[in-house]
Amino acid sequence: MSKKYHFWITGCQMNYADARRVATELEKLGYTSTGRAEDADVIVLETCTVRQQSEDKAYGKLQNLRPLKEKNPDKTIAVMGCVVGVRGNEKLSKTFPFVDVFMEPATDGKPLVSLLRQDDDLYLELAETTQRHAMMDGEVILPTDQRGQLVSAPVSIVYGCSHACTFCIIPQKRGIERSRPIGEIAAEVRSLVAQGVKEVVLLGQIVDRYGYDIPDGPDLADLLRVINDIDGLQRIRFLTSHPNYMTDKILQAVADLAKVMPQIEVPIQAGNDEVLANMKRGYTQAEYRGLVERIHKIVPDAAVHCDIIVGFPGETEAQFQDTYDVLADLKLDKVHLARYSPRPGTVSARRMADDVPDVEKRRRFHLIEALQKEISQERNQRWLGETVGVLVENKHKGSWRGRSPQNKLVFFDDPRDLKGELVRVKIEHAGPWSLSGSLVTANQPQPTPVETIPLTVLEP
């Protein structure tokens, strides 16, 4: 009977991409997946620390695993991701002595593989399966029930971050930025496409800084042109960008390349220059306004998404109003909202008083939430009567759900199995958060040829 593994994953899309790399190594060792930790020989926790709540959730999950390990000491428990960080954590080892291996973010799973190799029988199986699954650097193996079923997949292209905003813990946890070689990224995308994936989302903490750590190396625009040429791939997205590095060259690539979707994720975080300086963002609100103008000039049909933090230390009512006014003027397609909370270890937590009361943070949050609902409703109205291309992802409450090039959620009804198909939908209703309409055309679903390799599922 084959040995089994179980994944528990929380956090951003990059964590899912990292977990997939480790799962690939376990697959090559002959492991299969199980949805139950109780049935697994190897349990892997992929963790997040972007907020204290996320970190506490990981610690709670670990505590729940302690009795399972005590009852079954032969089980292997591994912890990876930002809770561990690039510097490791001796405190973690002392607090959770039953954990067998801790792995830093963006790991390829080698520490876990080395531990499992100590089993001689498993080592022999490894030699056999490695020869059977000859792979290029970067290639991945999808779980069995995801092959031909997973429509969109995240692909990390640059690890870490070297910008260090005062509110962010990521540089400490994921280290300095390191760009992956283009060939390795392309190999991963090709392997995903061969297993049925139709869209890839290229990821980085600051994705538009891809290649900045490589002297005379490629940049994001160069990478987009390479990925755009991969046969069988239908769509490409990338996130999250930083205003300082969103060049006209990148924007022109979005405009020129048919597979790159016109969706730009570029956070402003605040609309007041003093708050932006305290955040160490490196631009002014006027420069951000200029960027949005350039985006719409070069990519006229682009949807612009941004992030906003309300209640940052020292933010006055007038400074908040500046943020409100910028959003009211720019009328962006989507805003990801967050209330500031001090993250231990960050510059803002060490040096700045969290002096905006929580009730005020919530008030400001709801004001922008209401504003953006009006803006989104207004912007979505322009799609009424238009026919848009939709990549179908899954069914939701009996209707098909997919996304337009601008990443708008689109719903429609059809009796056929259209998952993974690129269809055209005429928009008949536009709400603030989604569109809906009637199917105009659809390609007849074709089975995706896939090589028969025993694979398993990543547990969300």
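I began with Phe7, which is buried at a relative accessible area of 0% (buried means under 20%, exposed over 50%, partly exposed in between, with a 1.4 Å probe and protein chains only). The model is predicted, so I note that local features need pLDDT of at least 70 and side-chain atom pairs pLDDT 80 or more, while totals for chains, interfaces and linings use all residues. Residues are numbered from 1 along each chain as its sequence is written, and side-chain values use heavy atoms, leaving out hydrogens and water.

**Aromatic pairs**

I searched the whole structure and found eight aromatic pairs (ring centres of Phe, Tyr or the six-membered ring of Trp within 6.5 Å; planes under 30 degrees apart are stacked, over 60 edge-to-face, the rest tilted). One of them joins Tyr5 and Phe7 edge-to-face, with 5.7 Å centre to centre and 90 degrees between the planes. Tyr5 is likewise buried, with a relative accessible area of 0%.

I then looked up Phe167 and Phe312: their ring centres are 6.4 Å apart and their planes at 80 degrees, so this pair is edge-to-face. The pair links distant parts of the chain, 145 residues apart. Phe167 lies in the loop between strand S6 (152-159) and helix H6 (170-174), and Phe312 in the loop between strand S11 (303-310) and helix H12 (317-330) (DSSP runs numbered from the N terminus: helices H or I of at least four residues, strands E of at least two). Phe167 is buried at 18% relative accessible area, and Phe312 is buried at 0%.

I also recorded one aromatic cluster formed by Tyr59, Phe96 and Phe98.

**Nonpolar cores**

The largest nonpolar core has 66 residues, of which Val200, Ile227, Phe238 and Tyr288 touch the most other members (a core is a set of buried Ala, Val, Leu, Ile, Met, Phe, Trp, Tyr and Cys residues joined through side-chain atoms within 4.5 Å). A second, separate core of 18 residues includes Tyr5, Ala23, Ala78 and Leu116.

**Helix H8**

Which residues of helix H8 (residues 220-228) are buried? I found Leu220, Ala221, Leu223, Leu224, Ile227 and Asn228. They cover an arc of only 160 degrees around the axis, which puts them on the same side of H8 (the arc is taken from the directions from the helix axis to the C-beta atoms). Their cover includes S6, helix H7 (182-194), strand S8 (199-204), strand S9 (235-239) and helix H9 (248-256) (contact means heavy atoms within 4.5 Å). Leaving aside residues up to four places away in sequence, Ile227 touches Ile185, Ala186, Val189, Val200, Leu233 and Ile236.
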